[in-house]
Amino acid sequence: MGSRAERQQVEVTRRDALRAVFSLSVAGFASRLGLPSLARAASTAKSDRRFLFCFFPGGWDQLLFLDPRDPDADGGRYADANRAVTLTEPGYGALAGHEFDPRVIRAGNLTFGPATEKPGQAGPRLSKYFDRIAILRGMNMGTLGHEVGYRYFLTGRFPQGNFARGSSIATECAALEGADGAIPVLSLGLETYNEGYPGAYSGMRVESLDDLLVVLDRGKAYLEKDAVEEALADYARRKVSCTTDLYGCTRLSARMREADDGARATLLSNLAQRFRFVTAGDAESVGIRKRYDFAPGAAGSPGARAAFAAMALKQGISRCVSIVIGNGTDTHDAGNVLHAKALHPGIAALAALIDDLATSEAPEDLQKKGGRTWLDHTTILAYSEFARTPLLNSRGGRDHHLASSCLLAGAGISGNRVVGETSATGMGACRYDFKAGRVVPEGGELIGPEHVRATLLASAGLPTEAAGIHAPPIRELLAGAV
Amino acid sequence: MTALEVSPPAPPEALPQIPYDDLTWHEYARGDEHSGVLTTTAYLLRFPTARARVSQFRIGMMCRPFTPVVATFPGPNDECTREPNLAKRCGCRNCHASIEPMGAWFGRWIERGAKYLEPSIFPPFDPSCADRSRRDDARCREYVPTAAAEGAGSLLGYLYRTPYEQKRIDEGPRGLVHAAIASGELERCTVATAWQRLMGRPMREAEVSARMPELERDFESHHHSYRELVRAVATSPEAQRGDEQARTPRRLGADQLRASLVEATGFNWVAPHVVSDPDSPNGRSEMPNADMIEVLAGTLGRANYSTTTSDQLDPAITFAKLAGDAARSSCRASVEADVAEANASRRRILRFVSPRDTSATNADGVHRNLAYLALRFWGLAVAPDAAEIAPLVTLLDRATRAQGATPADGWRAVCIALATDPKFLTY
């Protein structure tokens, strides 16, 4: 996609936004907290940062991706035969003859496991962008329960039982920077939480791309005559009297009306057409499918989900986009081959996404603030709820493991850097001295998602101690901080 | 991948033979090893390990979730981290000293499956299964394999078990339930959970001391009948107050939205729906009469019970938009049906007016009908001349007077307004 086309699309979005706002009566909106966003398209945000959250569900095997062990290095220390000593069994040999090169991939200071890339991979490779990528290793997830780990990373706070506490990091990012865009927080398949921020920053969550099209479009079959629609809109915007309409005057009712305002405005902005690339036959859609390597109609593929995220960002629709990018990898009973096959499509989609953002020019107003491409203005986090055991279990698979890693890339992130580590024996999470900026044998703290949350906020110059979290950012991950 | 191992809930000969299209309920008796929901296939597969099963029980039935204190975790090179028994390993033992003994109650239920390990087939110890080379023997996969490991040849559920815990394995999950009842936690937690669900908020301090003991006793005296507990909470003075302070309103879930729409309008949201389909030549396929609320249930917030176990009921933009579509679809069908129905008592929307009536031709009928609709959609009993009715009259008049519009357009608009109002979408 050319930069001029992107700029035009962004301008169209803003024009649509303003048209939508005025057509619905600005006064009506302003009196009701404002609809998410469209109204704010012309407002001044506190930061120009975009955020992308890419979730790999099921718990990923770090040996195959972000925290590999090279069986050929160190005199064969990590050979499978030494598993009783290292409490680690890379098992890379099993990948031979199964599309993957059974070796550690090196790029700059980074190392990746063999599931990261395939020898014959058609699309961009993740390692190509090593200088924009940082890997955080040795995070202690504090849980081996899927929902708990997932929600821990979603909010940066350890859940209460299964229940999330606090707001989604995406919502915090959007609210703290006063994000604009038609839908400030957009989520494909991930839960969103908003505790205490204005309703405009509640995530718009859809389960699938098909659902998104239904949400963003109201087909003719549903529309009444224009005058009837106007009468309905005026009825919905009427001032509710708490004297005569006690039931309609609850706080929840007020939030429902805000949401209704938001839905009407979102419909007017005609966003659905931007997301028809999964099936549409126009050249641009075909190009998107080729770039992200998915077939027409494959809406549930990692590539389609990644393309959705790119479109939402590049078209100025959303500032903070969350997607489930990975296929499930909860492979207790499957060995390295099946896990690698399940994990790789998400990584390839992530690589395509980074490549897209790194090769697409940002609109002029963003470029003036520094940074030519969309990747210069977007911070990406890729994560899973926990990792998998370094030893194979009795069924040849891997169970849940506390010490995990995550990948950060793009704006505000110091690329070509690995921070934190897992232990040489058993891959436990090593303690980290946040002041000294290094792993320490004694003292220090265990790194957790709360530190990743603070790092993301700090990367955009946003306050990190909001909402009662006092975990420090990891300075070594921040561009220009070291 | 290995095949999923599931035991039939009773001996196959005791299970009724039921054709696939038979939707009636049939009873059968489960074996003594079973314990309510805890040994259903759904629970065992959704919570695939003894630890996950115990953790969920602690959350759902004891209201005492495990919360790790990460700060107490030692460095990874601390010798203590090599301890294989999680009940003893430093850091882990904060939770696992409780989890492991409780997990013993699930010791005879296979992990990542729903199979009961019959003692006659799976004795607590089988030395022949200690050999790692027998990993391919399905039965031996349930045993500790290597000769070097502690407990080699033990059934997995028996590893590190004390004699006391071995007794729990024999008791099965019903022992866990009895223990929770004996401690009073099950009653207390169930009451607290039911209260939260029905009142939309936890019990306040004063209510815990004033209401909790009474509800606990009531629950126990009714043989732990959840139905009776719901009745007791719903008829409590706090629930009867009906104001926002006493009971926190909530948004309808996907299934509640469908049930409410069908109740009010007589029609579900059914429509043709195009979905992406990589197997179709053009990448699309059409569902001609899709139950749209079912199709969109995830986006409407329904938990999928795979990765999420609780509904998301935020008043989101997505819900507002889809509720609007649902209202439009159901109201269109309902008003069309009413226009074709000569018998007014059978009509749902046009009960006290004819399809041609407007405010100008039958003001009394219109007001009476709108008051009836406020009751039908909102449960709000108001007089025909009440202030709540006035905005609906205005809407009806505007919609009816629109160019090319008919009274049916007006009543559809009224129906849509009623079904998209927070008073309809919250409870």
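User: What mean pLDDT does chain A have?
Analyst: This is a predicted model, and chain A has a mean pLDDT of 87. In chain A, 89% of the residues reach 70 or more.

User: And where in chain A is the pLDDT below 50?
Analyst: That would be residues 1-44 of chain A. This stretch still has 78 contacts in the model beyond near neighbours in sequence. Where pLDDT is low, the predicted coordinates should not be read in detail.

User: Okay, how about chain B?
Analyst: Chain B averages 91, with 97% of the residues scoring at least 70. Confidence in chain B is highest in helix α11 (residues 254-265), at 98, and lowest in helix α10 (residues 237-241), at a mean of 87. For the model as a whole, ipTM is 0.84 and pTM is 0.87.

User: Switching to domains: which parts of chain A go into which domain?
Analyst: Residues 1-43 and 218-269 make up domain 1 of chain A, while domain 2 takes in 48-216 and 273-477. The C-alpha centres of these two domains of chain A lie 34 Å apart.

User: How many residues of chain A are in contact with chain B?
Analyst: On the chain A side there are 75, in contact with 72 residues of chain B. Elements of chain A that each supply at least two residues to that side include α4 (146-155), β6 (204-206) and α7 (226-237). The largest share is from α8(A), with eleven residues.

User: Now the inside. Which residues touch the most other members of the largest nonpolar core?
Analyst: Those are Leu136(A), Ala306(A) and Leu350(A), in a core of 187 residues. Helix α11 (residues 336-359) of chain A gives this core its largest share, twelve residues.

User: What is Leu350(A) in contact with?
Analyst: Leaving aside neighbours within four places in sequence, Leu350(A) contacts Cys54(A), Leu126(A), Ala306(A), Ile325(A) and Ala382(A). There is also a second, separate core of 33 residues, which includes Leu38(B), Met102(B), Leu117(B) and Leu155(B).

User: One last thing: which residues of helix α3 in chain B are buried?
Analyst: In α3 (residues 93-103) of chain B they are Cys95(B), His96(B), Ile99(B), Glu100(B), Met102(B) and Gly103(B). They line one face of the helix, because they fall within an arc of 165° seen down the axis of α3(B). The buried residues of α3(B) pack against α2 (50-60) and α5 (173-182) of chain B.

Definitions and conventions: Residues numbered from 1 in each chain as written. Chains lettered and ligands numbered in written order. Predicted model: local features only at pLDDT ≥ 70, side-chain atom pairs only at ≥ 80, totals over all residues. Domains from an automatic or database assignment. Contact = placed C-beta atoms within 7 Å. Helix = DSSP H or I, 4+ residues; strand = E, 2+ residues; numbered from the N terminus. Core = buried A, V, L, I, M, F, W, Y, C linked by C-beta atoms within 7 Å. Buried ≥ 20, exposed ≤ 12 C-beta atoms within 10 Å, placed from the backbone. Arc of directions from axis to C-beta. pLDDT = per-residue confidence, 0-100.
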